[in-house]
Amino acid sequence: MSKRPVGPTLADGSAVLTGWLLAMSMPPWAPWWVCFVAAVFAICLAKHAFGGLGQNVFNPAMVGRIAVLVSFPLQMTTFVKPAPLGSAGSPGLLDSIGIIFGHSSVLDSVSAASALGYIKTELSRGIPVSQSILTTPDITSLALGTHAGSFGETSALLILLGGLFLIAKRVISWHIPVAVMGTLFLLGTVFSMINPDRFTPGIFQLMSGATILGAFFIATDYVTSPVSKSGQLVYGIGIGFLTWVIRTFAGYPEGMAFAVLLMNALTPIIDHHIRPRAFGRTRKGEPLPLNRGDK
């Protein structure tokens with residue numbers, strides 16, 4: 001048993017942040033037990049098994065999400081059709097609680113696929129992307145959140161504003177978000193121009209899925225991302241590239257969580273080869289040559 005005091009660990013807020021990010025990556029009406037299993041994996045396995053705050057190698061929230069996504073794919077890919085609160089056919093508060101705790105079947109009548117999931121399903125049926133994308137939510141709907149998906153896959157505009165607020169307050173730097181989104185947008189644009197029937201456009205890649213949430217709030221985790229600014233650019237480019245590859249060629253429609261964990265594993269290597277320059281020394285740690293005026 002660990003003899004470390006529990007009080008400071010509970011008060012540092014890291015578990016609350018992990019829970020918030022985990023909730024943002026879950027379907028709106030995910031069963032309570034799926035959320036519980038995800039939280040156990042995130043806190044107990046991904047965080048405290050490595051020694052607690054500042055010691056974890058992988059992003060805890062993404063470990064929890066991947067664990068339940070692989071274990072319970074049906075529950076993790078069942079989303080809700082957007083509808084105004086209180087509108088006809090829209091479940092109320094009691095119905096929502098009943099769905100979460102398994103006492104209501106209303107979800108069957110209001111379930112829907114995410115935009116990325118729909119396009120991938122249609123492509124597997126032989127319908128080209130250039131045709132199926134016409135029946136997906138437009139850019140305005142993706143920005144405002146009037147489409148199906150996890151909490152963090154909707155209202156891209158509000159999530160973007162939150163990310164810009166973090167940069168303005170200097171909580172995070174721009175390097176990782178710009179690298180992630182820029183790489184994803186560039187790959188989507190180039191390959192869509194080459195073959196629009198096979199690849200989705202860059203703006204669609206940017207606005208759909210968990211791109212903005214992952215770029216600003218998940219990939220920028222202090223513990224699991226590189227220290228140097230140059231290393232952060234490499235790290236962000238890697239996440240953007242892997243996200244695009246998984247979305248395009250793998251079986252899962254959303255690849256942000258997988259990409260973050262894969263690049264988390266490469267963070268020590270990036271930090272080893274791309275080190276921040278210490279004052280008065282080169283990046284290799286050697287003393288800078290003195291000028292004549294310094295002698």
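## A nonpolar surface patch

F101 sits in the loop between α6 and α7 (107–110); helices here are DSSP runs (H or I, at least four residues), numbered from the N terminus. This is a predicted model, where local features need pLDDT of at least 70 and side-chain atom pairs pLDDT 80 or more. Residues are numbered from 1 along each chain, and side-chain values use heavy atoms.

α3 (32–45) and α6 (93–100) each give two or more residues, and α3 gives the most, with 4.

## Where α15 meets α16

The axes of α15 (229–249) and α16 (256–273) come within 8 Å, crossing at roughly 145° (lines fitted to C-alpha atoms over the stretch in contact, angles from 0 to 180 degrees between N-to-C directions). Contact (heavy atoms within 4.5 Å) involves residues including Y235 and I239 in α15, and F258 and L262 in α16. The contact residues split into 12 nonpolar, 5 polar (Gly counts as polar) and no charged.
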